[in-house]
Amino acid sequence: MRTPRARTAAVACVLLALSAPSAAANSGTGTGTGNIVVAPAVTTRDEPVTVTVHAASCRTGSASSPAFGETRLTPQPDGAGGHATPAVSRDVAPGSYDITVTCDDGRSVTRTAAFTVINGAVRGGEGAAGGASTADLVIGGLMVASALIGGGVLWLRGEGREDRPAA
C-alpha cells in the first residue's frame with residue numbers, strides 16, 4: 001500500500017529538481033521596484049535595455065547609470081510616464097548596476113541593482129562566452145543528485161511491502 005505513495009513522492013522529487021533550473025532561467029524578463037522598470041533584467045555588453053518610468057509626472061527627464069551614462073526619457077504614448085532604450089557600454093564590467101531617473105521637475109529616484117550585466121557572446125566570429133556559472137551548474141547538479149538519491153531511497157524502502165500484512 002505504501003509503495004505507490006513512495007513512488008509518487010520519488011517522481012515528485014525528480015520533477016521538482018528538474019523544474020528548478022527552468023524556473024530560474026525564466027525569471028529574468030524584467031524587474032521593477034517603485035516606478036522604474038528595466039527589461040531585460042540580465043543583459044550583455046553593447047546591448048540595449050529598456051528603462052520605463054511609470055509616473056505621469058515624470059514623462060520627460062533623464063535616466064543614468066554607470067553602465068550606460070545618461071539618456072533622455074521620451075514620453076510614453078499613453079501619458080503614464082517616460083521611457084528610454086540606452087545601450088550598455090561596450091567596456092562595462094560584469095555586475096549589477098543602479099539606475100537613477102531624474103524628472104524635469106527635479107525629483108529623482110534610484111533603483112538599486114536594477115539590472116545585471118554578464119559576459120555574453122563575443123562579437124566578430126570568435127565564438128561565445130558566458131552562460132551558466134560554475135556555481136549554477138554545481139547547485140543544479142546537487143539538486144538533481146539529491147532528488148535521485150531521495151527517490152531511490154523511497155523506492156527501495158517501499159519494495160517488498162506488498163507481501164507484508166497491513167498493521
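Me: Which residues does serine 108 touch, not counting residues up to four places away in sequence?
Reply: This is a predicted model, in which local features need pLDDT of at least 70, side-chain atom pairs count only at pLDDT 80 or more, and totals for chains, interfaces and linings use all residues. Residues are numbered from 1 along each chain as its sequence is written, and side-chain values use heavy atoms, with hydrogens and water left out. Contact means heavy atoms within 4.5 Å. Beyond four places in sequence, serine 108 touches Thr100, Val101 and Thr102.

Me: In which strand does serine 108 lie?
Reply: Strands (E, at least two residues) and helices (H or I, at least four) are DSSP runs numbered from the N terminus. By that numbering, serine 108 lies in strand β10.

Me: Is serine 62 buried or exposed?
Reply: Serine 62 belongs to strand β5, residues 61–65. Buried means under 20% relative accessible area, exposed over 50%, and partly exposed in between (1.4 Å probe, protein chains only). Because its relative accessible area is 9%, serine 62 is buried.

Me: Which residues have the most contacts inside the largest nonpolar core?
Reply: A nonpolar core is a set of buried Ala, Val, Leu, Ile, Met, Phe, Trp, Tyr and Cys residues joined through side-chain atoms within 4.5 Å. The largest such core has 21 residues, and those with the most contacts inside it are Ile99, Val101 and Phe115.

Me: Which strand gives the most to this core?
Reply: At least two core residues come from each of β2 (36–39), β4 (50–54), β9 (95–103) and β10 (108–118). With four residues, the strand that gives the most to this core is β9.
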